[in-house]
Amino acid sequence: MTQLYPPGPKNSFWGLRHVARLRRDLLGFSAELVRDHGDVVYYRIGPVANYQLTHPDHIQEVLARQSHRFHRPTRMKRVWRKFEGGGLVLDEGAFWLRQRRLVQPAFGPEALRRYADVMAGLARDMVARWEGRPEIEASAEMARLTLEVVARTLFGAELSAQAARVAGAVAVIQEKAVRELSQAFPLPDWLPLPHKIRERRAIRYLHDLVGDVIRERRAAGLDRGDLLSLLLSAVGGEGMTDREARDEAVTLLLAGYETTANALTWTVYLLARHPDVQAELAAVLDRELGGQLLTGEDLPALGGIERAFNEALRLYPPVYFFSREAVEDAVVGDYRIARGSLVHLVPWLVHRDARWFDRPGEFLPERFAPEREGRRHPFAYFPFGGGPHACIGKAFATAEAVLALAAVLQRYRLTLAPGQGEAECEARLTLYPKGGVRIALTRREPDIVPGA
């Protein structure tokens with residue numbers, strides 16, 4: 001029998017207490033809901049019904065089987081649309097499908113092979129900069145790397161010299177997005193407040209920067225083999241306007257920068273805490289690469305590193321909380337979810353559930369070995385989302401991370417720096433290590449062959 005309201009916490013004061021708890025400790029609040037009420041939990045915030053779902057069957061319904069009934073929340077789209085304009089992250093329906101088809105070739109196997117050498121080269125440059133340094137702050141280093149990768153593969157050489165300013169604009173946008181998504185009554189954008197002025201300047205800077213590059217490319221007819229060239233050439237019979245290309249480019253910049261940086265930071269942290277796993281991966285690297293410089297062509301031989309990266313995504317998914325809005329009535333499990341309700345899916349909890357993963361709190365990359373991949377529920381692990389709206393950049397981000405980790409492990413042994421304790425999670429726009437992570441570096445042998 002279909003029911004309307006699952007169990008849940010008391011909704012006193014119109015659920016305003018829930019808002020305070022969500023702002024203060026979203027992960028803790030979500031974990032308490034599961035502990036006290038189970039896989040399907042109901043609570044209200046003001047007039048809006050909220051459902052937290054943490055069973056893979058229900059997640060599959062929302063993201064895949066009934067994805068047409070669950071779209072990204074209206075408020076989230078309103079906030080992000082002023083930053084990105086449009087783009088795959090926000091669009092729905094026929095327009096989304098059209099854009100996805102136009103953008104898809106930019107993330108296909110042939111394009112990825114071209115990007116891989118750029119990724120490997122930038123990763124080698126990063127570890128070379130570390131020469132002679134006793135330690136690094138991993139989150140800052142990985143953020144610099146991922147921004148350089150996105151700038152180079154997306155825009156070619158045009159933005160590399162402006163990486164620092166781009167990073168500053170992206171940081172402002174992410175900060176303001178978090179602020180507005182957590183406010184009960186967001187302030188109008190036109191107000192002459194300092195944080196609103198910074199926000200408008202950051203948006204204008206990114207839009208103008210990308211728009212200028214697009215206009216120059218169109219006028220010169222240049223094809224530099226980067227992702228922007230692929231976007232601009234995706235005209236076919238349907239076409240992509242300069243505005244649409246700009247929106248997609250800004251979307252990819254914002255979506256592909258911090259998430260991958262944080263995933264890399266957590267992976268480095270876990271490897272530093274597990275010297276046995278790190279030593280095993282380094283031994284494989286020595287055997288496969290033979291001391292030669294890492295290149296994009298080495299990517300197929302780095303399966304062990306990819307498994308470690310996947311396991312880090314399980315324990316510390318950068319996108320730790322997905323929300324969807326029911327655009328029509330739906331039934332999920334035993335419950336009817338009314339149109340206008342919000343549904344929350346929590347990878348942070350599902351990935352750490354002992355029903356789906358043995359010894360869920362342990363870092364065990366072997367659980368992602370090919371022979372074990374088919375044993376778990378397909379939606380017990382969803383760091384990149386799932387269904388038709390799954391992240392289009394999954395293969396890109398994975399290749400970038402694997403090559404970066406290979407470059408690091410080929411040259412250095414990693415340990416936690418003196419005084420660096422257990423990293424604490426901070427639930428920002430993505431799952432961030434609070435205060436960063438300090439990693440000690442030890443140069444290891446064998447050395448890379450000079451001039452190889």
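**Close-up 1. Cavities in the predicted model.** The model holds 2 cavities of 30 Å³ or more. A cavity is a set of points, on a 1 Å grid over the protein atoms alone, where a 1.4 Å probe fits but cannot get out. Grid points are joined across faces, edges and corners, and a volume is the space filled by probe spheres set on the points. The largest cavity has about 70 Å³ of space. It is lined by 10 residues, and those closest to its centre are Leu 63, Ser 67, Phe 70, Arg 324 and His 389. Lining residues have an atom within 4 Å of a point. Helix H2 (56–65) and strand S3 (70–71) each give two or more residues to this lining. Helices (H or I, at least four residues) and strands (E, at least two) are DSSP runs, numbered from the N terminus. The lining splits into 3 nonpolar, 4 polar and 3 charged residues. Here Ala, Val, Leu, Ile, Met, Phe, Trp, Tyr, Cys and Pro count as nonpolar, Asp, Glu, Lys and Arg as charged, and the others, Gly among them, as polar.

This is a predicted model, with residues numbered from 1 along each chain as its sequence is written. Local features need pLDDT of at least 70, side-chain atom pairs count only at pLDDT 80 or more, totals for chains, interfaces and linings use all residues, and side-chain values use heavy atoms, without hydrogens and water.

**Close-up 2. The pair of Trp 130 and Tyr 412.** There are 12 aromatic pairs. Rings of Phe, Tyr and Trp (its six-membered ring) pair if their centres lie within 6.5 Å; planes under 30 degrees apart count as stacked, over 60 as edge-to-face and the rest as tilted. Trp 130 and Tyr 412 are tilted, 5.9 Å centre to centre with 45° between the planes. Trp 130 lies in the loop between helix H5 (109–129) and strand S4 (135–137), and Tyr 412 in strand S9 (residues 412–416), so the pair ties together parts 282 residues apart in sequence. Trp 130 is buried, at 1% relative accessible area. Tyr 412 is buried too, at 4%. Buried means under 20% relative accessible area, exposed over 50%, partly exposed in between (1.4 Å probe, protein chains only).

**Close-up 3. The surroundings of Tyr 316.** Tyr 269 and Tyr 316 have ring centres 6.5 Å apart and planes at 75°, so the pair is edge-to-face. Both are buried. Trp 266, Tyr 269, Tyr 316 and Trp 348 form one aromatic cluster. The charged end of Arg 352 sits over the Tyr 316 ring, 5.2 Å from its centre. The rule asks for NZ of Lys or CZ of Arg within 6 Å of the ring centre and within 35 degrees of the ring normal.

How values were computed
1 Å grid on protein atoms, 1.4 Å probe; cavity = no way out; pocket = protein on both sides within 12 Å on 5 of 7 lines; lining within 4 Å.
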